[in-house]
2 protein chains.
Amino acid sequence: MGHIPEQQSAQRDARRRPEGAHAGAGQRSAAPVPTSADVARLAGVSRATVSYVLNNATAVRISEPTRQRVQEAADELGYVPHAAARSLRAGHSRMVLMPAPAVPVGLLYSHLFNELQWALRRLDYTVVQFGSLGMSGDDAARAWAELRPVAVLAPGDGTLTPRGVHVLKRSGAKAVVTLGPQRVQGAHALLMDQRAVGHCAGAHLIGRGRTRIGVVVPREPGYETFSAPRLAGVRAAAEACADARVVPLGLGYDERSANQLAVRWGELGLDAAFAYNDEYAMLLLRALQDAGVDVPGETAVMGADDLLLGRLLRPRLSTVRMELPTGQRLAELVDRVVRDPAGTSEVHPLLGVEAVARDST
Amino acid sequence: MGHIPEQQSAQRDARRRPEGAHAGAGQRSAAPVPTSADVARLAGVSRATVSYVLNNATAVRISEPTRQRVQEAADELGYVPHAAARSLRAGHSRMVLMPAPAVPVGLLYSHLFNELQWALRRLDYTVVQFGSLGMSGDDAARAWAELRPVAVLAPGDGTLTPRGVHVLKRSGAKAVVTLGPQRVQGAHALLMDQRAVGHCAGAHLIGRGRTRIGVVVPREPGYETFSAPRLAGVRAAAEACADARVVPLGLGYDERSANQLAVRWGELGLDAAFAYNDEYAMLLLRALQDAGVDVPGETAVMGADDLLLGRLLRPRLSTVRMELPTGQRLAELVDRVVRDPAGTSEVHPLLGVEAVARDST
């Protein structure tokens with residue numbers, strides 16, 4: 001939490017102190033949180049019986065009237081079991097924890113995540129996205145472990161360390177799966193190497209005879225994880241061609257920034273742009289056209305993601321299509337490794353890429 | 001969880017049974033999950049001391065060497081406290097729980113959520129998005145309550161009931177805040193009435209002399225919460241004009257569906273479309289142009305959300321701009337009501353709307 005200034009931290013402590021444990025006269029919710037003992041007392045049964053009924057334990061037979069009495073008492077008191085306590089008793093939870101992305105998600109991720117979430121739900125898991133923003137890898141792993149997830153699906157970007165994996169497993173996680181370019185010892189890896197995206201775009205542009213390639217690097221913070229390897233991928237593709245050179249281009253996601261770049265396009269002497277993704281490519285394409293640059297005549301523009309919206313501009317946007325796994329396939333993979341915690345770490349290269357040539361390159 | 005077929009449910013149970021509580025010879029993670037008692041034993045201190053150190057309790061003075069010994073023992077064993085147990089001891093957690101949206105999120109929500117998440121983080125809260133997909137309101141509230149959040153920010157769409165609010169408060173939540181069109185007893189309400197969006201679009205189109213207004217209703221499941229009130233809002237605006245009529249138009253988010261709608265546009269006899277949001281509007285605008293319909297000459301097209309991408313098409317898309325609160329303002333509001341749990345329920349109308357006339361209407 002290095003990003004929280006000292007002063008705020010002090011304010012925070014000051015704010016926390018007076019609250020106490022459900023303290024404070026006049027607070028509407030000052031009544032203590034009901035416990036299973038309260039439920040047992042009201043229902044006239046043992047705490048064990050309450051636990052059996054509310055956790056749907058099947059090992060013990062409980063008569064229907066008793067079951068109903070316990071349920072009614074719990075309802076009356078507003079008692080719900082602790083998730084963590086319950087998972088402790090059951091030996092496992094059904095929570096799949098995913099760190100929430102630190103940057104606004106794009107349309108492609110939004111759809112994949114939605115699919116994954118529903119597919120895991122159908123397999124009786126609950127996906128929890130945890131906002132461990134700004135924490136170091138080990139601090140984040142400890143914070144995730146506190147929720148006792150049965151599986152963690154974390155970015156494979158170097159944040160999670162082998163030590164973090166160990167902490168998670170010691171806390172009961174049956175599977176830790178990374179999604180990204182790097183492998184972490186002890187975790188399964190779904191490898192998604194963003195360099196492949198850049199390499200695919202670079203090779204496509206060079207194949208079209210372009211040799212002076214600008215590569216858009218979004219100015220918005222948090223995109224480095226994706227933009228740096230994409231840039232490296234274009235550079236790698238350019239090595240195959242003696243004439244080719246690659247120029248990084250900072251671009252903010254707004255019309256002004258795009259217009260500023262477009263008006264000095266002539267000075268840059270470029271004949272192609274790989275614009276990070278389709279959204280930035282649409283922005284740059286329009287700005288270049290407004291500045292009188294002929295696309296693709298003078299300059300080719302290429303995006304990535306194959307968004308529907310990219311097909312709506314004219315010329316239609318060429319793009320890198322990513323062949324991501326379906327949410328269903330990802331969910332099945334998570335389920336399989338959770339059910340085989342003793343299995344060896346699996347590595348699946350997941351990101352297929354393909355250049356889709358439309359009219360802008 | 002009514003959407004899970006019987007058969008899957010049976011499979012689920014079959015799958016669960018053999019797992020047991022950390023059972024199973026040969027499982028790599030078969031060692032029991034370390035407890036604070038294990039840490040206390042290794043460090044040669046009491047469990048209370050372990051608890052004081054690991055929960056950063058300031059009420060008790062603990063020498064630095066002891067603190068270090070406990071920390072080292074915890075690290076060695078891979079022990080992390082239970083989140084729920086810790087919040088029980090502290091009397092409160094710092095978790096703000098938000099149900100994860102059931103549909104892929106759009107760019108506008110994605111940006112607002114990201115802002116909110118960072119702003120709450122700066123106030124030392126952790127945002128957890130909980131995937132309670134397909135659960136009834138009361139089941140969902142119980143599942144949320146199990147994580148013992150200090151605040152819940154739930155959709156105000158009728159899912160959450162007064163009973164659900166009660167369950168959450170009884171479990172220790174200091175504030176329940178709804179975000180959406182409806183108020184729920186016992187909860188603070190950030191009112192966002194989607195009818196206003198439709199009304200604004202309808203009034204704008206009628207003001208431009210259009211009287212035969214098609215309203216796009218996305219075919220993708222899960223959008224009804226937004227699309228139905230937006231349609232109702234256009235209808236309400238049309239009541240002010242005797243000549244105006246409103247026709248709902250089903251549209252899937254793909255080019256084929258848009259083209260099918262566009263080729264029969266002449267038969268529909270419409271002179272305007274409010275296309276749900278900018279993404280659908282961009283799709284429809286392009287399809288109409290490809291089908292030879294003059295926009296805005298023959299037909300006006302209007303979106304909503306004021307996305308940057310909508311400004312990139314020609315004609316530039318007219319839209320309904322929503323004046324959402326900043327993430328910072330929302331976070332401050334959540335923080336304020338958490339710190340005053342005895343305060344009366346607050347109601348804030350949040351959604352300002354404004355027609356942005358560009359070139360498509």
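Predicted model: local features only at pLDDT ≥ 70, side-chain atom pairs only at ≥ 80, totals over all residues.
**The big picture**

Let's start with chain A. DSSP runs give it 14 helices and twelve strands. It has 361 residues, and 55% of them count as buried. If you take the contacts in chain A between residues at least 6 apart in sequence, 70% join residues at least 24 apart. The accessible surface of this chain is about 15000 Å², with carbon and sulfur atoms accounting for 51%.

**The nonpolar cores**

The largest nonpolar core has 64 residues, and the members that touch the most others are W265(A) and W265(B). In each of the two chains, β7, α11, α12 and α13 each supply at least two residues of this core. Another core lies apart from it, with 45 residues that include A119(A), L231(A), A272(A) and M302(A).

What does W265(B) touch once its neighbours within four places in sequence are left aside? The list runs to L249(B), L270(B), A272(B), A273(B), L284(B), L288(B), V293(B) and T299(B).

Helix α11 of chain A, residues 255-263, also holds V263(A). Is V263(A) buried or exposed? At 66% relative accessibility, V263(A) is exposed, because the cut-off for that label is over 50%. Its C-alpha atom is 6.0 Å from that of A291(A), although 28 residues separate the two along the chain.

**Helix α2 of chain A**

Helix α2 covers residues 36-43 of chain A, and its buried residues are S36(A), V39(A), A40(A) and A43(A). They span an arc of only 100° around the axis, so they sit on the same side of α2(A). The general rule is that an α-helix has 3.6 residues a turn, so residues three or four places apart point the same way. The partners that the buried residues of α2(A) pack against are α3 (47-54) and α4 (64-77) of chain A.

**Rings and charges**

Over all chains there are eight aromatic pairs. Y109(A) and F113(A) have ring centres 6.1 Å apart and planes at 10°, so this pair is stacked. Both residues belong to helix α6 (residues 107-122) of chain A, and because they are four residues apart there, about one helical turn separates them.

Elsewhere in chain A, ring pairs tie Y223(A), Y253(A), Y276(A) and Y280(A) into a cluster. R94(B) sits over the face of Y125(B), 4.1 Å from the ring centre, and R230(B) sits over the face of Y276(B), 4.9 Å from the ring centre.

S110(B) is in helix α6 (residues 107-122) of chain B, and at 4% relative accessibility it is buried. Which residues does S110(B) contact, leaving aside its neighbours within four places in sequence? They are P104(A), V105(A) and V105(B).

T178(B), in strand β4 (residues 175-180) of chain B, is buried too, with a relative accessible area of 0%. Leaving aside neighbours within four places in sequence, its contacts include A154(B), P155(B), G156(B), L160(B) and V184(B). The stretch A187(B), H188(B), A189(B) and L190(B) is also in contact with T178(B).

| Residue(s) | Feature | Angle |
|---|---|---|
| V295(B) and P296(B) | cis peptide bond | omega about 10° |
| R314(B) and P315(B) | cis peptide bond | omega about -5° |
| R148(A) | positive phi, not glycine | phi near 55° |
| D124(B) | positive phi, not glycine | phi near 75° |

Where do they sit? P296(B) is in the loop between α13 and β9 (300-304) of chain B, and P315(B) is in the loop between β9 and β10 (318-323) of chain B. R148(A) is in the loop between α7 (137-145) and β3 (151-155) of chain A. With 8% relative accessibility, R148(A) is buried. D124(B) belongs to the loop between α6 and β2 (126-130) of chain B, and D124(B) is buried with a relative accessible area of 8%.

Definitions and conventions: Residues numbered from 1 in each chain as written. Chains lettered and ligands numbered in written order. Heavy atoms only, no water. Buried < 20%, exposed > 50% of the residue type's maximum accessible area, 1.4 Å probe, protein only. Contact = heavy atoms within 4.5 Å. Areas by Shrake-Rupley, 256 points an atom, 1.4 Å probe, with all protein chains shown as cover. Phe/Tyr/Trp six-rings, centres within 6.5 Å; stacked < 30°, edge-to-face > 60°. Lys NZ or Arg CZ within 6 Å of the ring centre and 35° of its normal. Arc of directions from axis to C-beta. Core = buried A, V, L, I, M, F, W, Y, C linked by side-chain atoms within 4.5 Å.
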